Amino acid sequence: MRLPDSATELCDRLILGADQALRTIFADPADSGRPDPSASTATDTINDSERRKAARLMRVNHSGEVCAQALYQGQATTSRNPELRRQLQRASDEENDHLRWCAGRLQQLQANKSLLNPFWYASSFILGATAGALGDRWNLGFLAETENQVVAHLDDHLTRLPESDYASRAILEQMKQDEAGHATEAVQRGAATLPAPVRGLMRIGSRLMTQTTYWI
Ligand SMILES: [Fe+2]
Ligand SMILES: [Fe+2]
């Protein structure tokens with residue numbers, strides 16, 4: 001594993017990372033000005049039980065975006081490549097829009113964020129930091145695989161959301177497009193293909209996250 005050039009620089013990044021963590025978990029995400037895709041959708045006609053189901057699914061997606069913030073921050077903290085760090089930051093800004101849209105939709109659905117978010121943030125940050133320390137090819141490979149798995153997950157949620165929950169659907173459709181873009185960019189920049197057992201472990205980890213945050 002290779003660490004950043006100077007301990008001071010690493011310290012700075014860790015302090016910034018801690019600030020980012022607290023804001024991601026406890027504060028309202030910063031507004032980049034990018035329009036919320038759900039704002040221009042038709043009024044939904046979901047009943048109460050559909051609302052509860054949509055709320056659970058959107059809580060999972062909100063936690064997924066908490067994880068995304070942590071992964072990108074972790075990856076940027078240990079990456080030695082300034083250009084890659086900028087790319088990670090750009091993608092992380094888009095992920096922050098996703099976080100904001102999911103948080104807004106959760107409020108509309110009168111649902112709570114997951115109580116497990118601090119745990120998911122911490123574990124995702126460690127995972128991201130490990131990938132970052134392994135060098136660019138593996139870091140990008142981890143990013144591409146994560147985003148591909150997220151796209152598959154979003155497809156699954158689009159089949160499970162109530163048909164007339166237009167607002168949640170619009171958010172997930174835009175997220176899906178962005179996540180696929182992040183994966184493509186990572187591949188274009190030379191992402192390694194992760195070994196099958198690693199991909200399998202990542203799938204197990206995300207299943208654990210999605211199945212618990214659906215309820216808690
Ligand atoms: Fe996202
Ligand atoms: Fe993503």
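Helix 5 and helix 6 run roughly antiparallel to each other, because angles over 145 degrees count as roughly antiparallel. Here the axes (lines fitted to C-alpha atoms over the stretch in contact, with angles from 0 to 180 degrees between N-to-C directions) cross at roughly 155 degrees and come within 8 Å. Helix 5 covers residues 136-160 and helix 6 covers residues 166-188. The crossing of helix 5 past helix 6 is left-handed, meaning that the near helix is turned anticlockwise from the far one by less than a right angle.

Which residues of helix 5 and helix 6 make the contact? Helix 5 brings residues including L140, L143, V150 and L154, and helix 6 brings residues including L172, M175, A183 and V187. Residues are in contact if their C-beta atoms, placed from the backbone, lie within 7 Å. By class, this contact has 13 nonpolar, three polar and four charged residues; nonpolar covers Ala, Val, Leu, Ile, Met, Phe, Trp, Tyr, Cys and Pro, charged covers Asp, Glu, Lys and Arg, and the others, Gly among them, are polar.

A word on the model itself: it is predicted, with local features needing pLDDT of at least 70 and side-chain atom pairs pLDDT 80 or more, while totals for chains, interfaces and linings use all residues. Residues are numbered from 1 along each chain as its sequence is written, and chains are lettered from A and ligands numbered from 1 in the order in which they are written.

Now step back to the whole protein. It has seven helices and zero strands, taken as DSSP runs numbered from the N terminus (helices: H or I, at least four residues; strands: E, at least two). Its C-alpha trace spans about 55 × 35 × 30 Å along the principal axes.

Methods:
Parallel < 35°, antiparallel > 145°, perpendicular 65-115°, else oblique. Contact = placed C-beta atoms within 7 Å.
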